[in-house]
Amino acid sequence: YQYEIIVSADGNDGTRELVSRRAARDARVKIIGSAERGGKGLGIRKGVALARGQLIGFVDADYKTPIEELAKLLPWFDQGSDVVIASRGLAESRIEVAQPLYRRLGSRAFAIAMHLTIGLWSIRDTQCGFKFFRGPIAHDLFNRQRIDGYMFDVEILYLAKRSGYRIKEVGVRWHDDGDSRLDIVAGNWRNMKDILRIRFARYESAALASEFSAQEKEVSA
């Protein structure tokens, strides 16, 4: 495959400087970001806007899901999926190092509240940071996406469902590294406010869903 890697890094931990040195030697690598933190959703939205691949995806830099797991996701695009996401919640998922119990209980309580508010009942794991899209669909979804924080995953999947895009969830290997930045109380309260923003937001409708459907009918005819 031909590929490009866009590293989106805010803050002052040295990531941008490290990647800049690599990018100077490899045109396939780009670095974006600033010293001011704008949120994960904003960072990925800016990265997707620059991406030019037929398939576009994002992977968390903590490597909790190894990049080799991409081989499990790619075949589903050949079978007609538009969005293919990694999951920790399926029978075939392999959790090599689990989160602490209190984190798992908090995540489960949040998931119940999120599903009751948003729906997405057919998706077991909305938050695994390993998601891939057909290029035009990635641009459509992230152009309409508004949440700058962690709940952008939920927003993207909510928009994809509403737009009629075909979503496939795939079990992967995953391990916890113990380096969670989420404050259990303040973080989850902020996340629930974003969930309510998603639920009651008025989004632009997607033209791509009907366009893809029309193209498929022409091919089958």
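Is aspartate 60 buried, partly exposed or exposed? Aspartate 60 is partly exposed, with a relative accessible area of 22%. The cut-off for buried is under 20%, so at 22% the residue falls in the partly exposed class. The notes below apply to a predicted model.

1. Overall make-up. The chain holds nine helices and eight strands. Of its 221 residues, 40% are buried. The accessible surface of the chain comes to about 12,800 Å², and carbon and sulfur atoms account for 53% of that surface. Among contacts between residues at least 6 apart in sequence, 78% join residues at least 24 apart.

2. The aspartate 60 pair. The side chain of aspartate 60 meets that of lysine 40 in a salt bridge, at 2.8 Å from N to O. Aspartate 60 sits in the loop between strand 3 and helix 3 (70-73), while lysine 40 belongs to helix 2 (residues 40-50), so the pair ties together parts that are 20 residues apart in sequence. Lysine 40 counts as partly exposed because its relative accessibility is 24%.

3. Other salt bridges. The whole structure contains 17 salt bridges. One of them joins aspartate 26 to arginine 28, with the closest N and O atoms 3.1 Å apart. Aspartate 26 counts as buried, at 12% relative accessibility, whereas arginine 28 is partly exposed, with a relative accessible area of 39%.

4. A salt-bridge network. Glu69, Lys72, Arg94, Glu96 and Arg173 are linked in a network of salt bridges. Within this group, arginine 94 bridges to glutamate 96, and the closest N and O atoms are 2.9 Å apart. Arginine 94 is partly exposed, with a relative accessible area of 48%. Glutamate 96 is also partly exposed, with a value of 38%.

5. Four strands form an open sheet in the order 3-6-4-7, with mixed pairing. Strand 3 and strand 7 (167-171) are the edge strands, each pairing on one side only. Neighbouring strands of this sheet are turned by 15° against each other on average, direction ignored. Strand 4 (residues 83-87) and strand 6 (residues 130-134) pair in the antiparallel sense over three bridges. Valine 84 has phenylalanine 132 of strand 6 as its bridge partner. In general, strands of a sheet pair through backbone hydrogen bonds, either parallel or antiparallel.

6. Helix 6. Seven of the ten residues of helix 6 (residues 135-144) are buried, so the helix is largely enclosed by the rest of the structure. The buried residues are Gly135, Ile137, Ala138, Asp140, Leu141, Phe142 and Arg144.

7. A nonpolar patch. Val59, Tyr63 and Ile67 make a nonpolar surface patch of about 240 Å². Valine 59 lies in strand 3 (residues 55-59), and its relative accessible area of 33% makes it partly exposed.

8. Serine 20. This residue lies in helix 1 (residues 15-23). Serine 20 is partly exposed, with a relative accessible area of 35%. Serine 20 and isoleucine 31 are eleven residues apart in sequence, and their C-alpha atoms are 6.4 Å apart in space.

Note on methods: Residues numbered from 1 in each chain as written. Predicted model: local features only at pLDDT ≥ 70, side-chain atom pairs only at ≥ 80, totals over all residues. Heavy atoms only, no water. Helix = DSSP H or I, 4+ residues; strand = E, 2+ residues; numbered from the N terminus. Buried < 20%, exposed > 50% of the residue type's maximum accessible area, 1.4 Å probe, protein only. Contact = heavy atoms within 4.5 Å. Areas by Shrake-Rupley, 256 points an atom, 1.4 Å probe, with all protein chains shown as cover. Patch = residues over 30% accessible without salt bridge, like charges linked within 9 Å, V, L, I, M, F, W, Y side chains within 5 Å. Salt bridge = Lys/Arg side-chain N within 4 Å of Asp/Glu carboxyl O. Pairing = 2+ DSSP bridges. Axes fitted to C-alpha atoms, helices over the stretch in contact; angles between N-to-C directions.
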